[in-house]
Amino acid sequence: MNFSTNIKKVWLSSGINLCNNEFVKNSERMIPLKNERTAVVSAQPKKSGQQYRKNGIVRFFEPYKKNYDIFLLFVPVLLWYLIFCYLPMYGIVIAFQDFKLADGILGSQWIGFENFKKLFRSPSFLRVFRNSVEISLLRIIFGFPLPILLALMLNEVRNKAFKKVSQTISYLPHFLSWVVLAGVFTQILSPSTGIVNRLLNAIGIESIYFMGDPQWFRFTLIATGIWQSVGWGSIIYIAAITSIDSQMYEAAVIDGANRFQQIIKITLPSIAPVITIQLILTSGSIINAGFDQIFNMYNDSVMKVSDIIDTFVYRKGLAEMQFSFSTAVGLFKNVISFAMVIITNAISKRVNDNGIW
């Protein structure tokens, strides 16, 4: 048996196939491996850059072609965002114009940053900006942890019927408009006929004007806002909890962990990425204090503690028809929100390596 036959047997026994069972003598095609074996590199024609790009495009569109029916369902959503979210962004340019309805966007005079200078010189700007930040921070501090707590509590309920009823009741307020809720709370919190003040009077406490007293109005905003959104906000955390591997809980029970220890050691660490992402997205609304709720609940007596950027834009843009100025205010608000998302995401990546991107 000659040398080439021995080499062929070694290669075949090591799982390396020869092209047409022919021994390649060209030493340039023999590459030593880490395990001191030798492999034969088959002679393949090199692909041009154009061929690679073509193959890349084909691979990119392959899943779309394979699942075209699913992506067709996504088309209406995509069109909605394009028409109502992205195309209107063209109107941002009027923040830098002295916009006149008769002249239109193309015919209005370009004035640069004059609207922003006017904003920062406005005596009302500092007040509405401070109110927006303070109300938003109160919502985050008191409102952000409660959906997590509710999700943990519902997860511990063993009676399925009671759990479903509780979830349904907590979700329902989210689907009620603040136009309706504002009227309901006005009646419930009325200082003369409201049930809350009647209960307070029954235990010897004087009536409180929740909707008209500046000292109580922010408390009313935060409490009613949490009541309306806590159930809906817990859905994503409940979904995250249900995706946790049950074997982890079984192992913890074997080790003697009680339910509280399982929550601290397993549940919370497992949903920490979801909590982080939600906190980052919430930080983007740091100066978005909730226009719908405040607009339907505030009045002149509490204006100094409830007037926010959104209500300020509404008055300037629609009531006073200062379209360019109100657009500049809105653009300033969006820039701040975008910056907060970037900063919060960067901090989160440094602290626990979780973030949006």
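A cavity is a set of points, on a 1 Å grid over the protein atoms alone, where a 1.4 Å probe fits but cannot get out. Grid points are joined across faces, edges and corners, and a volume is the space filled by probe spheres set on the points. By this rule there is one cavity of 30 Å³ or more. The legends below describe a predicted model, in which local features need pLDDT of at least 70 and side-chain atom pairs count only at pLDDT 80 or more, while totals for chains, interfaces and linings use all residues. Residues are numbered from 1 along each chain as its sequence is written, and side-chain values use heavy atoms, with hydrogens and water left out.

**View 1. The largest cavity and its lining.** The volume of the largest cavity is about 50 Å³. Its lining residues (those with an atom within 4 Å of a point) are Ala151, Leu154, Asn155, Lys163, Gln167, Ile238, Ile241 and Thr242. Two or more of these residues come from each of α7, α8 (160-171) and α12 (235-242); helices are DSSP runs (H or I, at least four residues) numbered from the N terminus. The lining divides into four nonpolar, three polar and one charged residue, where Ala, Val, Leu, Ile, Met, Phe, Trp, Tyr, Cys and Pro count as nonpolar, Asp, Glu, Lys and Arg as charged, and the others, Gly among them, as polar.

**View 2. Packing of α7 against α8.** The axes of α7 and α8 are 10 Å apart, and the helices pack at an angle of about 160°; axes are lines fitted to C-alpha atoms, for helices over the stretch in contact, and angles run from 0 to 180 degrees between N-to-C directions. The two helices are therefore roughly antiparallel to each other, a term for angles over 145 degrees. Their crossing is left-handed, meaning that the near helix is turned anticlockwise from the far one by less than a right angle; clockwise would be right-handed. Leu150, Leu154 and Asn155 of α7 make the contact (heavy atoms within 4.5 Å) with Lys163, Ser166, Gln167 and Ser170 of α8. Two of the contact residues are nonpolar, four polar and one charged.

**View 3. Packing of α12 against α14.** The axes of these helices come within 9 Å and cross at roughly 145°, and the crossing of α12 over α14 is right-handed. From α12, Ile236, Tyr237, Ala240 and Ile241 meet Thr267, Ile271, Val274, Ile275 and Gln278 in α14. This contact has seven nonpolar, two polar and no charged residues.

**View 4. The largest pocket.** A pocket is an open set of points with protein on both sides within 12 Å along at least five of seven lines. The largest pocket holds about 940 Å³ of space. Of its 27 lining residues, Arg139, Gly225, Ser229, Thr282 and Ser285 lie nearest its centre. Helices α6 (125-143), α11 (214-233), α14 and α15 (291-297) each give two or more residues to the lining, with the largest share, eight residues, coming from α11. By class, the lining has 12 nonpolar, 13 polar and two charged residues.

**View 5. The second largest pocket.** About 220 Å³ of space lies in this pocket. Asn155, Arg158, Ile241, Thr242, Ile244, Ser246, Tyr249 and Arg259 form the lining, to which α12 and α13 (246-254) each give two or more residues. Three of the lining residues are nonpolar, three polar and two charged.

Technical notes. Parallel < 35°, antiparallel > 145°, perpendicular 65-115°, else oblique.
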